[in-house]
Amino acid sequence: AAARADAAAEAGKAAAAGERTGAEEAKRREAAESALAEAREAASAEKSGAAAARREAEALRSELTGKAKELETARAGGAEAASRAEELKAAVAVLSQENEKLEGRLGKEKEKVAKAKEMLRAAQAEREALQEAAGEAEALRERLEKEIRKSEVQACDGQLPTAADDAGDDAKALAALNQELVSAKLAAAEAEAQLASARAQAQAQQEAAEAAKPGAVHVALLASAGPPYGLVAAINSTLAHAAAATLPRLRFHVLAPPSEQPALARKLARIFPAEVRLAITSPPSDKLAKLAPKLGAVGVQTAPFEWPLLWLHLALPADVRRVVLLPTDAVVRTDLQELASAALHGKAGAAFEDCSVTFDALFNYRHPLFRDRHGRPSCSLDSELLLLDVKAWRK
């Protein structure tokens, strides 16, 4: 019995110990589960933080890539800007040199004009003096003739005795006076010729000085029907051979019928940059309408549009002083400023020789108008390449 009691006691102790162990195990399990849950939450939070950090890193990488591209673009733009700046500096230097040359030429032309004006004033003063001397000589001759006639009348009336010697002296004096008067008239005529020559020289020098001023260079072209291949070649060759100082001063006036202008404007806009000063101009329709019956009356069947010299001065702007009429089949191989600034010597225009065709191929020499004019084997002129003083042409 005692043994059983002891065994029972031991069993009770063991049961109590087992119960305590189970409770502790449950507590440990709960603590482990709680720690596991916390670890999972921490891992989830870390995962979320890592994803956010990854997104931030991607955004930063994209931003850095964009900044790098912008930097490369800026570097390329800076290099291009530097290159353009160098080009502009070179162009400014060339323009400065050309401007200095033009100022030098203009100064020389002004000096020539001043000298010509002085010569003109001197010639005018000399002419006035000669005219005054001629007037005095004429008045003296008239007085002497009156005295001679008076003496002759008195001698005929018996009031004065005739004196052959005095009459001879009077005749000699009259002859000498007539000779002096003739000399004075010849000197006056010579002075008048010198004055006219001085005026022409002054006008030519003034014209050369005006042409040497850095103004616009106007070029007129007549647009033909069909594709504008010749027109484009003429404009492009003009631009290609223009000097650096002439290039920004070129002004092209393309003369075209109103019906063809929209298509022509689109084609030229696709070919030439906006820096090229190019205007498409309409011919004066009222003038063409008046010219058509007049040309038809003399047997001319060509349309008035093909005769620009008859209406060009009405189509150009009022501020155009000179214009080079250029054929659309031309290829320009020099700076047109040289041609546009040529001296016209007071004339309204200038034409250029064309020795490939002589006058006998153009004119009917049996007609009285041409029979005694123009040498038959002489070179003719190119009627499509002209330099016009528009103001004088309008007159």
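The questions and answers below concern the salt bridges of a predicted model.

User: How many salt bridges does the structure hold?

Analyst: The structure holds three. This is a predicted model in which local features need pLDDT of at least 70, side-chain atom pairs count only at pLDDT 80 or more, and totals for chains, interfaces and linings use all residues. Residues are numbered from 1 along each chain as its sequence is written, and side-chain values use heavy atoms, with hydrogens and water left out.

User: Why is the contact of Glu58 with Arg61 called a salt bridge?

Analyst: The term asks for a side-chain nitrogen of Lys or Arg within 4 Å of a carboxyl oxygen of Asp or Glu. The closest N and O atoms of Glu58 and Arg61 are 3.4 Å apart, so the pair meets the definition.

User: What separates Arg75 and Glu72 along helix α1?

Analyst: Arg75 and Glu72 are three residues apart, about one helical turn. A helix here is a DSSP run (H or I, at least four residues), numbered from the N terminus. Arg75 and Glu72 form a salt bridge, with closest N and O atoms 3.4 Å apart.

User: How do you know whether Arg75 is buried or exposed?

Analyst: Buried means under 20% relative accessible area, exposed over 50%, and partly exposed in between (1.4 Å probe, protein chains only). Arg75 has 53%, so Arg75 counts as exposed.

Terms used
Helices (H or I, at least four residues) and strands (E, at least two) are DSSP runs, numbered from the N terminus.
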